[in-house]
Each structure stands twice: as C-alpha cells, then as structure tokens.
Amino acid sequence: MIISKELFTKNVKDFNIDLKDVEIEMFDKYAQMLIDCNKKFNLTAIKEPDEIVLKHFVDSLSIMNTVEFCEGQTLIDVGTGAGFPGIPLLIMNPQLDITFLDSTGKKLIFIESVLDELSLFGETLNSRAEEVGQNPDYRESFDFATARAVSELRNIAEFCLPLVKKGGTFIAMKGSKVEEEIAQSENALKTLGGKIENNFKFELPSCGERSIIHIKKISQTPTKYPRNFSQITKHPIR
Ligand code: SAM
C-alpha cells in the first residue's frame, strides 16, 4: 500500500467518515494510478502519497460533512481534472450518479481508466461547461454541481448554476479569503437563480482554511446564460 491508512483515517474522522478497508484499498489504487499517469503527462501538481491523501482525498471528502447524498441523486463535477472531488465522492457514495466534465480529453481518459479499475459507474463528458449548460440534455438536470479549483466564484457560478435543477445545490470548494469573491458574485448569483445557503469553513490539516459554499438553485437560469467563455471571463456578471 502506498498511502498511509493512519493518516487518511485520522484526518477524515472530523468529517464523521469511517473508512472501510475496501474503500482504503480503492483510494490506494487511485493514488497509484495518479502517480503512474503523472509520469506520462501532467495530471496534477500534487505527487507525493501523503499530499495526495490530504490535499486531494481528504479535501474532496470534506464535502460529505456538509451534505447527505441519497440513492440515485445526480451530480456533475465541473472541471474535474484528475477526478476531484468526483472520484473520492463516488468511492464513498457509489449510489450517486456522477458525470465527470472536463474540457481536456486526456484527463477524462484517465478518469475512465480509474472507473474501470475500481469497478465504479460514472459518465465522462469531454466538453466545456458553458456549452454543456446550453445543451437541453444537461441543462437544469442535476441535483448537485461541484467545482474545485476551476475559477473565481462568479465565473464558476455561470458554468455551474445553469446545470443545476431548481431545488438543487451548487457546491463550490474554495480556499481562504472567500469573502471578497462572495461579495463580488452577489449579483451574478441572483441573476443566475442562485442563493448562498451556507458557507462551511474548516481547517484542512497542513493545508490551511477551506470553504465549502452551498448555493441553492431557487429559480430557473435565464436562457442567455451561460454565455461563451470570453464573455464570462472578460465581462463577468456585475
Ligand atoms: N477539480 C480538479 C481539482 O480540484 O484537482 C481540477 C482542477 S484544474 C486546476 C481545473 C480543471 O478545469 C482543468 O482540468 C481544466 O481542463 C478544467 N476546466 C477549466 N475550464 C473549464 C470549462 N469551461 N469547462 C470544462 N472544464 C474546464
């Protein structure tokens, strides 16, 4: 085993997560695949097993301290990269119906190999969030959207909120100093049909402060959103 079982179990205890041996073995295989694949192409900057445990696995699982997932609920992980937070959430909640979305095809090929190796079920989607958000097959269809380390809050809100159904939740994973981002996104959230329900703050061991922001979808997103990428980034909703 390349990951430390003790480090992992100790650090998810605060989130009320009791890892079973079979789950730890799945995480271990995943860590091994991340390290192997990183030798071939740049998948993630985090490469050491202890860092993978804390900065990727524990951080991703912190969401479970803020929400209880139910059988059959749908979640889209926007800008999933090497699978964060989507794969850790799926290992712990295989009843979730997760779609892994990224604009980089080779990252999704990696995700497919992980799903296959761990015998997990999930959909991969190689596209841009702002295009998927205008596709009637996906628009306003998910119970949850998640995004970690993708962009600033008002931009990821435009990527993610159009994908969430009314009554669903967009979960934004952020570091410290989110107050300014939240203040800047106030109008964007209102325009897109979202409302901040909660901002859970916690300390991630050896990584500092984290915020998990729950944004409830309270009304439909106007059809003009999401706009194209350059409009979103050059002219954020003010
Ligand atoms: N969420 C992962 C994590 O926390 O490790 C990956 C973060 S990585 C910094 C950002 C990812 O978002 C990249 O894999 C990139 O390809 C993807 N991305 C950026 N903009 C996107 C967009 N508009 N639509 C889909 N994926 C996007």
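1. A polar backbone atom of glycine 79 lies 2.8 Å from a nitrogen atom of the ligand. On its own the ligand has 600 Å² of accessible area, and the protein covers 79% of that. Accessible areas come from the Shrake-Rupley method with a 1.4 Å probe, and for residues only the protein chains shown count as cover.

2. On provenance: this is a predicted model, in which local features need pLDDT of at least 70 and side-chain atom pairs count only at pLDDT 80 or more, while totals for chains, interfaces and linings use all residues. Residues are numbered from 1 along each chain as its sequence is written, and side-chain values use heavy atoms, with hydrogens and water left out.

3. Which residues come nearest to the ligand? Of the 15 around it, they are Gly79, Phe84, Asp102, Ala129 and Arg148; a residue counts as near if one of its heavy atoms lies within 4 Å of the molecule. The shell divides into four nonpolar, six polar and five charged residues. In this scheme Ala, Val, Leu, Ile, Met, Phe, Trp, Tyr, Cys and Pro are nonpolar, Asp, Glu, Lys and Arg are charged, and the others, Gly among them, are polar.

4. One runs from phenylalanine 84 to proline 85, with omega near 5°; proline 85 is in the loop between strand S1 (74-78) and helix H4 (86-92). The other runs from tyrosine 225 to proline 226, with omega near 0°, and proline 226 is in the loop between strand S7 (208-217) and helix H9 (229-234). Helices (H or I, at least four residues) and strands (E, at least two) are DSSP runs, numbered from the N terminus.

5. Most residues other than glycine have a negative phi, and most peptide bonds are trans. Alanine 149 has a positive phi, near 55°, and sits in the loop between strand S4 (142-148) and helix H7 (153-160). Its relative accessibility is 76%, so alanine 149 counts as exposed. Lysine 177 likewise has phi near 55°; its loop lies between strand S5 (164-174) and helix H8 (179-192). At 71% relative accessibility, lysine 177 is exposed too. Buried means under 20% relative accessible area, exposed over 50%, and partly exposed in between (1.4 Å probe, protein chains only).

6. Is helix H7 mostly covered or mostly open? Mostly covered: eight of its eight residues are buried. Among them are the charged residues Arg154 and Glu158.

7. Phenylalanine 27 belongs to helix H2 (residues 21-40) and is buried, with a relative accessible area of 0%. Its C-alpha is 8.7 Å from that of valine 53, which is 26 residues away in sequence.

8. Glutamate 6, in helix H1 (residues 5-12), is exposed at 63% relative accessible area.

Terms used: A polar contact is a pair of N or O atoms within 3.5 Å; within protein, one must be able to donate a hydrogen and the other to accept it, and residues adjacent in sequence count only if both atoms are side-chain atoms.
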